[in-house]
Amino acid sequence: MKYTCITLNLLLLLLILQSLLIACDINDIIAQLLNVRVKEVPGLILQEKILINGSSQLTQLLDESTFCGSSIDIKANKIFINTIDMSKKGSITNNPAMKPYLNLLSFVQVKNSLAQLNFTFNEASKLADKYNATFDRISIECQVQVNNVVIYLNHAYDEKNAAFIKSIKELKPIPIISYIVDQKKEVTINPSINKPSMPVRVFQVFGGDGIYTISQTGCSAGFWVRLRGRELLVTAGHCGGLTEQIDPRRRDFYHLSWVDPAFNFKLIGSMIVHFVSPVDKGFIMRNNTNAHAVPFIRSGANDYLQISGVVSPLEVPRGSLICKSGYSTKVTCGFIDTIYGTLVHSDGVTHDRVIVIKYMLCAAFDSGGPVYAYDPNTFVTYLIGIVFGGQIENGTNFCLAHPVEAILIPGMEVMTINNTPNYETPVIY
């Protein structure tokens, strides 16, 4: 099934934003997102765990010809089930697997089943190919507010898309057209090309830290993996920029801490391979022995999270709370809006396995940063993927991410605190 960062021109503005965000605790950020007091966050996360477990059981019971998916709402403490036939509720409520969750279930009447929307989606995709349409993403949206296929377009391509828009009016249901504010550019930084001659001390590279090249391209570190005894740093592939250039210096990436934003060219290593499509991913080989690979994600100027493991987006339902760490906007959180989809850019580049996260701010320099699920009760952090872009759609922030399983290549192992014996004590600076 298909679905489908803001340029900060002034470095000064970026640094002001950083100084504000560094002071924020992750629980404060979650509380602001949920519009609750900080002390309520742990209880709501415990509540969310139960909702996720219930949703996992429910997924196996939903007949696509009758139902149109489900979602969770942490504050309402509900699992919402969309159905075209309320008389079919018994097939869910009478199932023994759902007995512990009956008080959490809320059935919602919708017009279209998932099977109907899948058919419309597939037909719309065929018409998009036929008329060579340019769109940002197509998604199946099952919630009662928008129970339809939604096609996100840009007015810049109205003339090109005219025939496509006309053709989809023959489909049932007729897909909804939505126009978005398109903002996806990466910020550039302007460090001096002359490297310092002073020796560089040992440093650790956390997920969410800044990375940059001599060609002035800036992104965020994602997470560390092992492959055949070597350590590689994962980031977004488009961060490679000019890595195809003959000049080997253009393949080198340097470290930029949240605390010390000086461009002093602390070498991490060289990007050995990168892809932009269908999955936006790149791998930086650790060449500098002074750069240490650690299973940590930056969560503040003097705080970090330990990566305990990896979780697939398929294991966390729509509406689940997740966060990201990135050099530009630091820690921001949001809710899973779409699990897996396809993004199509105006230049024809496509991205598959796209996770869309609503209300999460992702600005320039955040690309490559880790996306994760965090439990403030246990401090357990599970890695979900990395950011590769962001958009504003009708005034609402969205982040776009790829899942870990789409990023790894055979033989790769994500570094976690459980498979990294004697991992170093974090040095925060």
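Predicted model: local features only at pLDDT ≥ 70, side-chain atom pairs only at ≥ 80, totals over all residues.

**Entry 1: the disulfides**

I searched the whole structure and got 4 disulfides. I numbered the bonded cysteines in sequence order, and the pairing came out as 1-2, 3-4, 5-6, 7-8. I then looked at some of them one by one.

**Entry 2: Cys323 and Cys333**

The sulfur atoms of Cys323 and Cys333 sit 2.1 Å apart. I looked up the angle about their S-S bond and found 95°, a right-handed link. Cys323 is in strand 17 (residues 321–326) and Cys333 in strand 18 (residues 330–338), 10 residues apart. Both Cys323 and Cys333 are buried.

**Entry 3: Cys219 and Cys239**

This disulfide has an S to S distance of 2.0 Å. The torsion about the S-S bond of Cys219 and Cys239 is about -90°, so I put this one down as left-handed. Cys219 belongs to strand 9 (residues 218–220), while Cys239 is in the loop between strand 11 (230–235) and strand 12 (252–256), so the bond ties together parts 20 residues apart in sequence. Cys219 and Cys239 are buried too.

**Entry 4: Cys362 and Cys399**

Here the sulfur atoms are 1.6 Å apart. The torsion is about 110°, so this disulfide is right-handed. Are they buried or exposed? I checked against the cut-off for buried, under 20% relative accessible area. Cys362 has 4%, so it counts as buried, and Cys399 is buried at 0%.

**Entry 5: the nonpolar core**

Next I went looking for greasy bits. The largest nonpolar core has 43 residues, and Ile26, Ile30, Phe223 and Tyr372 have the most contacts inside it. Helix 2 (residues 26–34) gives the most, with 5 residues. Where does this core lie? Domain 1 (38–109) and domain 3 (203–420) both give residues to it, so it lies between them.

Skipping its neighbours within four places in sequence, Ile26 is in contact with Leu305, Cys323, Val331, Tyr372 and Tyr374.

**Entry 6: the whole chain**

Last, I zoomed out. I counted 7 helices and 25 strands. Of the 429 residues, 55% are buried.

Conventions. Residues numbered from 1 in each chain as written. Heavy atoms only, no water. Core = buried A, V, L, I, M, F, W, Y, C linked by side-chain atoms within 4.5 Å. Buried < 20%, exposed > 50% of the residue type's maximum accessible area, 1.4 Å probe, protein only. Helix = DSSP H or I, 4+ residues; strand = E, 2+ residues; numbered from the N terminus. Domains from an automatic or database assignment. Contact = heavy atoms within 4.5 Å. Disulfide = S-S within 2.5 Å.
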